[in-house]
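Hi everyone, thanks for making time this morning. I'd like to walk you through one model, so please have a look at it on the screen.

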Amino acid sequence: MHQSLSDLHWQSGFYELGTNFLTPLHPSPLPSPSLVASSTQVAELIGLDPASFNQQDLIEILSGNHPITHTQPYASVYSGHQFGVWAGQLGDGRAITLGQVEHQQQIFEIQLKGAGKTPYSRMGDGRAVLRSSIREYLCSEAMAGLHIPTTRALAITASPKQVVRETVETASVVARVAPSFIRFGHFEHFATTGQLEHLKRLADFVISHHFNDLQKDQNPYLSLFEEVLERSASLVAKWQSVGFCHGVLNTDNMSILGLTLDYGPFGFMDQFDLNHICNHTDSQGRYSFANQPQVFHWNLVRLAQALLPLIAKDDSDEAIQIAITALQGVLGQFLPQYQKSYQAIMCSKLGLDQALQTTDQVSSETIRQSVIEPIIHLLDQQQIDYTYFFRHLADVIENPENPVLRDLCIDRIAYDAWLQPYLAFLPQEKRPQIATAMRAINPAYILRQHLAQIAINKAQEGDFSEINRLQECLAKPFTERPDFADYAQLPPDWAKTLEVSCSS
Ligand code: AMP
Ligand code: MG
């Protein structure tokens, strides 16, 4: 049954942990709030009646102007490593969690990002601008459409209140939804400050609320680390397979649930470039596309250090050494797990999973060396549009004479040299069904930078239609529709000049 927001089944959730973990506070009101966009899908996920988006009360709640009865909003404290350096205490500087709702045996925290200052705002104003809220909103929903684990976005509300970034912009709030917004940085916070009792409470909370099966394990904290590592390896493999670059992979932006979290200067690549840096402020390229799996590993080492006191049976040198060895064993699994996941996805994208199943002689190693690595190299060398290439590969499989991809290449001999051995893996009679399967995994649509920018430009003039149109398209990125044909095209030249930075 669908209900209004106040009538949902609210629970205290994380708030129960108390004031060592959070500060209870209310959002700061925003003048004249209005609804910019709303997701029916996310409303249904939490049991909210989508018709309530038409009601002013909901807009007032989502913009932080009215409290919800029976909930106690809060901002949580965390710390983290930023760009490889310990940054000390951070925390929800502009996100205020309203509480947790349960719907159909699932729990969801509802958080307002841009809801005003908190004790963790440091020098910030506690606000988010419309531009960055639209990017976060569209990308969370685009990721969900791609079946990539992510926090979700329920709605954007906006206000004429001015907010100063590089230029003067206006304030807005994204209502985000996720089973939990707990980050690696939450664990680092309590470990680094020596608050081991609190560290244990946090880990026990995460296990009992989100990884209940692990409670019976011999060492649930080690199992928790294993589980987080597995989810992280799988997540980053998915990102690499769609050409997604997060941009700010600090430990405070790493979800303990393996979700894509905190959309800032992210980008889906147009022209493929292994060294692509999507964050204009990341001058060293620490968070470049190719570095993402390594950065995940580095961040997992930080989480392992934080969990060490819980994993060791006591604080004797011997117990600590045993725990370190166990954690190192798990960490050693990260790269193989990542590679296995990445390879499996790439095989599916190339329609080769069937070849692997049916031909005894073909090993996944052969495929990696003779198809996957060479195509990644070719796309990188020739700066070919990643999404367009994989989407149209199905056309070439159906008709190898189709010039759609060959025409994109500067070095066509290199393309032919890759294509012929690749096609040899695909049995002729199966190609029509292989092409269909490939279209179900290679998206026709991604949130290209220029598409987001067009939606932002229009929204800044008061026209929100493009956000809705893009959202509708990106919710089903594998299904081509004639009315969305423009979104599937190669990007215009001006897209290359777009730059995004941490400013949001
Ligand atoms: P981010 O780079 O967005 O992951 O943010 C890093 C830290 O800065 C987090 O603690 C954020 O809550 C905080 N932060 C970012 N922008 C603001 C802002 N405008 N006001 C207050 N805190 C902010
Ligand atoms: Mg963040």
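Into which domains is the chain divided? There is domain 1 (9-181), domain 2 (185-340) and domain 3 (350-439), with bounds that come from an automatic or database domain assignment.

A quick word on the ground rules. This is a predicted model, where local features need pLDDT of at least 70 and side-chain atom pairs count only at pLDDT 80 or more, while totals for chains, interfaces and linings use all residues. Residues are numbered from 1 along each chain as its sequence is written, chains are lettered from A and ligands numbered from 1 in the order in which they are written, and side-chain values use heavy atoms, with hydrogens and water left out.

Let's go to domains 2 and 3. Their centres, taken over C-alpha atoms, are separated by 33 Å. Ten residues from domain 2 and eight residues from domain 3 take part in the contact, meaning heavy atoms within 4.5 Å.

How much area do domain 2 and domain 3 bury between them? About 760 Å², with 51% of it on carbon and sulfur atoms; buried area here is the accessible area (1.4 Å probe) that two parts lose on being put together, summed over both. On the domain 2 side, the residues losing the most area to domain 3 are Gln271, Phe272 and Leu274, together 62% of what that side buries.

And salt bridges? The rule asks for a side-chain nitrogen of Lys or Arg within 4 Å of a carboxyl oxygen of Asp or Glu. One pair I'd point out is Glu136 and Lys113, whose side chains meet at 2.7 Å, N to O. Glu136 sits in helix 3 (residues 130-145) and Lys113 in strand 8 (residues 106-113), so to speak distant parts of the chain, 23 residues apart. Helices (H or I, at least four residues) and strands (E, at least two) are DSSP runs, numbered from the N terminus.

Now some strands, which pair if DSSP finds at least two bridges between them. Strand 10 (residues 152-164) is joined to strand 3 (residues 34-38) by four bridges, running antiparallel, and Ala37 has Ile156 as its bridge partner. Strand 10 also pairs with strand 11 (residues 168-178), again antiparallel, over nine bridges. A hairpin of three residues joins strand 10 to strand 11.

Finally, strand 5 (residues 79-82) and strand 6 (residues 85-89) are antiparallel and share three bridges. Their hairpin has two residues between the strands, and Phe83 in the turn has a positive phi of about 50 degrees. Thanks, and I'm happy to go back to any of these views.
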